[in-house]
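User: I have a structure open here and would like to talk through parts of it with you. Could you take my questions as they come?

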Amino acid sequence: MSFRMSGVMGWPVGHSRSPALHGHWLARHGIAGTYVPLPVQPEHLEQALRALPVLGFAGCNLTVPHKEAAFRIVDHVDRAAARLRAVNTVIVRPDGTLEGRNTDGEGFLKHLEASAPAWRPDRPVLVLGAGGAARAVVGTLADAGVPEIRIANRTDARAASLAEEFGTPLRPWPWAKREDGLTGCGLVVNTTQLGMVGWPELELALDRLPGDGVVYDIVYTPLETPLLAEARQRGLTTVDGLGMLLHQARAGFAAWFGVDPTVDEALRQAVLGSTP
Ligand code: ATR
C-alpha cells in the first residue's frame, strides 16, 4: 500500500492525544503512514476538509469545535452521525467525496464491554448530563436494548428535550433527585465535566446503586475521578474515560490504514505518557 496520511482537525489542536494514539498503532503495525495535528480555524473548516482528497489524505478526525460544522459539510453520513448531528471521523471515498461517521458511541460501548464484561443491557441506566457526549451515550445504550435510560441534567429542561427527541426508552429524571435514580440500575454514566481537573466534583452518593452496578465516568483527566474512587472503595466495577477515546479511534484507523488495531495496556501507556 502507498504512504497513507490522516490527522486531527481542531482549533486549537495541540491538546489532542490522537496523534500519539494513532502514531503508536502506525509504529506497532509497521505502516508507511502518518497522522498529524491539523490546526484549522473554524472559518476555514470547509476548505480544509475539501482539501483532504487533493492533498492525498485518507481522511481525518475532528475535535472541538468542528464536529457539528463538519456534519453539515460532508457528502455522506452514517446513522450515528445523523443522530448526533456531529462527525468525529471523515473518510475520503475513492471518488473524492467525504464520508462522515461518528464513532463516539461505539467507543463508549466497546470500552464498557471490555472493562465490565459482566454488564448486560437488561436493567435501567442513569445518565448524568445532556450535552453532546450524553447524546452519543444514550443513543448507543438505546440501540443495545437498555429498557430504561434515566437522564438527569443540571438544567432539567435540557434532559426533558433530549428525552423527547430520542423517545423510548429515555426518561427525564430531576437533577435534584438523581440519587433516587440509581435504584435498580445496572450502570451509571457521568457525561458532564464534573470531576475533571479544575472542575467541582460530581456530588452523587452511590448507596442506592445495586452492589453489582457499574460506574462509568467519561472524564479521563484525572483517570480516577472522585466518583470512580468512591465507587472503587465500595467494591463497584469502575470504567474510566480514557478507553472510550482509544476505542472510538479504531474505526477511523482501520478505514485509513487498512488494519483493525487493538486497544491494550501498551496503547494506554503510550497515550498517557504523551505530553498533550
Ligand atoms: P459535551 O458536548 O462535552 O457533553 P456540553 O454540551 O457543554 O459538553 O455539556 C456539558 C454537560 O455538563 C451538560 O449536561 C451540563 O449541564 P447543563 O446542560 O445544565 O449546562 C453539564 N455541566 C456542566 N457544568 C456543570 C455543573 N457545574 N454542574 C452540573 N452539570 C454541569
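This is a predicted model: local features need pLDDT of at least 70, side-chain atom pairs count only at pLDDT 80 or more; totals for chains, interfaces and linings use all residues.

User: OK, what sheet are we in, and what is the strand order?

Analyst: The sheet is an open one of six strands, paired in parallel and ordered 9-8-7-10-11-12. At its edges are strand 9 (170-173) and strand 12 (237-239), each of which pairs on one side only. From one strand to the next, the twist averages 20°.

User: Which strands does helix 7 lie across?

Analyst: Helix 7 (residues 156-166) lies across strand 8 (149-152) and strand 9, and runs at about 170° to strand 9. Helix 8 (residues 226-233) also packs on the sheet, where it touches strand 10, strand 11 and strand 12, and its direction makes about 160° with that of strand 11.

User: Switching topic, where does H247 sit?

Analyst: H247 is part of helix 9, which covers residues 242-248.

User: Is H247 buried or exposed?

Analyst: H247 counts as buried, because its relative accessibility is 9%, and the cut-off for buried is under 20%.

User: Which residues is H247 in contact with, leaving aside its neighbours within four places in sequence?

Analyst: With those neighbours left aside, H247 is in contact with G107, K110, H111, A114 and V263.

Conventions
Residues are numbered from 1 along each chain as its sequence is written. Side-chain values use heavy atoms; hydrogens and water are left out. Helices (H or I, at least four residues) and strands (E, at least two) are DSSP runs, numbered from the N terminus. Buried means under 20% relative accessible area, exposed over 50%, partly exposed in between (1.4 Å probe, protein chains only). Contact means heavy atoms within 4.5 Å. Two strands pair if DSSP finds at least two bridges between them. Axes are lines fitted to C-alpha atoms, for helices over the stretch in contact, and angles run from 0 to 180 degrees between N-to-C directions.
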